[in-house]
Amino acid sequence: MTNRPNTVETLRAKCVEEGECLLWQGRVSHHGVPMVRHAGQHTTVRRALWQLLGRRPLAARQIVSTTCGNLTCCHPDHLRVTTQADLLRRITQGGKAETLRVARMTAAARARAKINLATANAIRASDRPSAE
C-alpha cells in the first residue's frame, strides 16, 4: 500500500475550525505537536504546510511555530518561522500574555470535552455506586 502525497487540502481536511484557528485532529507527538509523514519523513504538520505553501526554505535548526500560541493550530495564516531558543524565550517570559493564551487554550479544550463541568459535578455528587 502506498501513501498518497500530502496536499494543503488533505492536511486541511484533518483539522476542525475553532475560532480563527484550524486545530489538528490527527496524530500528535508526545509533546502534543501535530505530526504527519511527508516526503518520506515524519515531520510536524506545520513544517509540511510551510513547504507545501511554497514559502521560503527552512534551515534545519528553524521550526515553524504559530502566532496564536495554540499548540495544535495549523492555520496557514498563523504560521511563523522561529528557532527553538526564541520559542523557549517567549514561553518562559510568560506574563499576562502567556496567562491569557493558556486560558484561551483551556477554554477551548473544555468546549471540546465530552461532558461539561456541571455534569461532572453531578456525577461526583451522585449516591449511585461506581462500576468497579
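Here is a tour that starts with the whole chain and then goes piece by piece.

**Before you click**

You're looking at a predicted model, in which local features need pLDDT of at least 70 and side-chain atom pairs count only at pLDDT 80 or more, while totals for chains, interfaces and linings use all residues. Residues are numbered from 1 along each chain as its sequence is written, and side-chain values use heavy atoms, leaving out hydrogens and water.

**The whole chain**

Show everything as a cartoon. Trace the chain along its sequence and the pattern reads α-β-β-β-β-α-β-β-α-α-α. Of the 132 residues, 30% count as buried; buried means under 20% relative accessible area, exposed over 50%, and partly exposed in between, with a 1.4 Å probe and protein chains only.

Now colour by pLDDT, the predictor's confidence in each residue from 0 to 100. The protein's mean is 82, and 87% of its residues reach 70 or more. Where pLDDT is low, the predicted coordinates should not be read in detail.

**Strands 1 and 2**

Select residues 15–18, which are strand 1. Strand 1 runs antiparallel to strand 2, and four bridges join them (strands pair if DSSP finds at least two bridges between them). Which residue of strand 2 is the bridge partner of cysteine 15? Tryptophan 24. The two strands make a hairpin with two residues between them, and in the turn glycine 19 has a positive phi of about 65°.

**Helix 2**

Next, select residues 45–52. Is this helix mostly covered or mostly uncovered? Mostly covered: six of its eight residues are buried, namely Val45, Arg46, Arg47, Ala48, Leu49 and Trp50. What covers these buried residues includes helix 1 (8–12), strand 2 (21–24), strand 3 (35–38), strand 4 (41–44), strand 5 (62–66) and strand 6 (79–83). Just after the helix, look for glycine 54, which takes a positive phi of about 75°.

**The core**

Show side chains for Leu11, Trp24, Val45, Leu49, Trp50 and Cys74: these have the most contacts inside the largest nonpolar core, which has 14 residues. Such a core is a set of buried Ala, Val, Leu, Ile, Met, Phe, Trp, Tyr and Cys residues joined through side-chain atoms within 4.5 Å. Strand 2, helix 2 and strand 6 each supply at least two of its residues, and helix 2 gives the largest share, four. Zoom in on leucine 49: beyond its neighbours within four places in sequence, leucine 49 is in contact (heavy atoms within 4.5 Å) with Val8, Leu11, Cys74 and Leu79.

**Two last stops**

Move to the loop between strand 5 and strand 6 and pick asparagine 70. Asparagine 70 is buried, because its relative accessible area is 11%. Not counting residues up to four places away in sequence, asparagine 70 touches Cys21, Leu23, Arg46 and Met105.

Finish at serine 126, in the segment after helix 5 (117–125). With a relative accessible area of 37%, serine 126 is partly exposed. Follow its side chain and you'll see that serine 126 reaches the backbone nitrogen of arginine 128 at 3.0 Å.

Note on methods:
A polar contact is a pair of N or O atoms within 3.5 Å; within protein, one must be able to donate a hydrogen and the other to accept it, and residues adjacent in sequence count only if both atoms are side-chain atoms.
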